[in-house]
Amino acid sequence: MEDEEDSPVATLPPELLQHVFSFLDMTNLCAVADVCRKWRDLSRCASLWRHRHVDLDCAEDGFLFLKIMKNAPELASITVEENSVPGFSDIEPLEPGSMVCDTVRALRVGLKDDESPHYDSALALLRRYSPTVETLELGALDAEILHALAAARRLRKLKIVSPLRESVTVSALRAAVQTCGAIEDLDLERMCEYAEQDDSTVEPSEVVREFVGATGSTLRSLNLPASFWGIEDDVLDEVVRKCVLLESLGAEFRYANRLIQCLPRLRSLRLVSSEQTATREYIEDLQQVVRLGVGDAVPLARVEHLALQLYYVAYQWEDADYATALMRLCPRLQSLDLDIEGFVYIAQDVQVTLGRLRNLLEAAGTARTRLNIFSEPNKAVEEAVLSVMPSIAELTFTTSKQC
């Protein structure tokens, strides 16, 4: 690398060069660092990098990632997925002294287990940047990753997207949770997705208990696990006792009554169907729960956003009826998100499902409604939905659940 003092570009003010550099993508920003020492120093300004997101699913190769890490002093986020670039698993990305980057504010490690080819490199990233991350998404949560989590003292937002591995014990989980940051947003909804009952020695109830026990007083958003294990009653009681600042809650329909009656600050509520549906008695209990509230303590009085994930409405219609009853008790509802799986199982399902949707829309009143159907795009279904929901703000079809 040689300085080019005689180049006309060399006479440009540093602030002008940095402004030009701000329009470059990460590949070219790394390239200008190889031109001369002056450009290298200017291209490593934190303001040029702190809003950049590195997605290893989109990077050209692992060595481009290495180059970014050697030039970027700060990054907004790094994402590592199962299908990330093949070269990533073959490099040693964090050799001591080789990295310029010392701050990553968000890290997403979307691996399913420790057998992933990217596991070692992802673990190295987590160990290096846990002390600086404020947002963290974790899969393959084993003892090693849990140990790295304990160093995340600035952590404010945590999402766990796979079961805890067999190497994790309750005592290890407790030690990690008690030393990480004051979490404000905790999402455990998908931690049991695709899990078998022997996948982990720590059940979802224990995970919730430890996190709520350590961080419940700072939580403003909580998504409970959707799990065939279920959540124990005493753990639900701990949620309502400790999470006094909670404004956003996600849970299965079967837990709604127990939770909402003691969480009057809720502004956002997400309910997910499970094998155990809401019964007619459960709907009557909901109405009783709301009637017992007084003034600002009335459950649902502040709810502005409602998200519902429903399965096979034609058969598990109780959850849809419960949601309809619940919406009629939300005087401030402004938006409704509906995700429906199993919209059409057989042809006769359509009219039954449409009837339930019509009831939901009527209960939503003037709230902005978005409907997503988990299936291939279907023109006949689209026309049928619009015939009963003409005022719907958005209708989409997706073939897989979004993260």
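Ser205, Val208, Arg209, Val212 and Gly213 of helix 8 meet Asp234, Val235, Glu238, Val239 and Lys242 of helix 9, where contact means heavy atoms within 4.5 Å. By class, that contact splits into four nonpolar, two polar and four charged residues (Ala, Val, Leu, Ile, Met, Phe, Trp, Tyr, Cys and Pro count as nonpolar, Asp, Glu, Lys and Arg as charged, and the others, Gly among them, as polar).

A word on the source: this is a predicted model, with local features needing pLDDT of at least 70 and side-chain atom pairs counted only at pLDDT 80 or more, while totals for chains, interfaces and linings use all residues. Residues are numbered from 1 along each chain as its sequence is written, and side-chain values use heavy atoms, with hydrogens and water left out.

Here are the two helix pairs side by side. Helices (H or I, at least four residues) and strands (E, at least two) are DSSP runs, numbered from the N terminus. Axes are lines fitted to C-alpha atoms, for helices over the stretch in contact, and angles run from 0 to 180 degrees between N-to-C directions.

| Pair | Angle | Axes |
|---|---|---|
| Helix 7 (170-179) and helix 8 (204-215) | about 30 degrees | 9 Å apart |
| Helix 8 and helix 9 (233-242) | roughly 20 degrees | within 10 Å |

Helix 8 and helix 9 are therefore roughly parallel, and so are helix 7 and helix 8; that label goes to angles under 35 degrees. As for handedness, helix 8 passes helix 9 in a left-handed crossing, and helix 7 passes helix 8 in a right-handed one (left-handed if the near helix is turned anticlockwise from the far one by less than a right angle, right-handed if clockwise). On the helix 7 side, Val170, Leu173, Arg174, Val177 and Gln178 touch Glu206, Val207, Glu210, Phe211 and Ala214 of helix 8. This contact has six nonpolar, one polar and three charged residues.

Now for the second largest pocket. Its lining divides into five nonpolar, five polar and six charged residues. Strands 2 (74-81), 3 (103-110), 4 (135-138), 5 (157-160), 6 (185-187) and 7 (221-223) each supply at least two residues of that lining.

Note on methods. Parallel < 35°, antiparallel > 145°, perpendicular 65-115°, else oblique.
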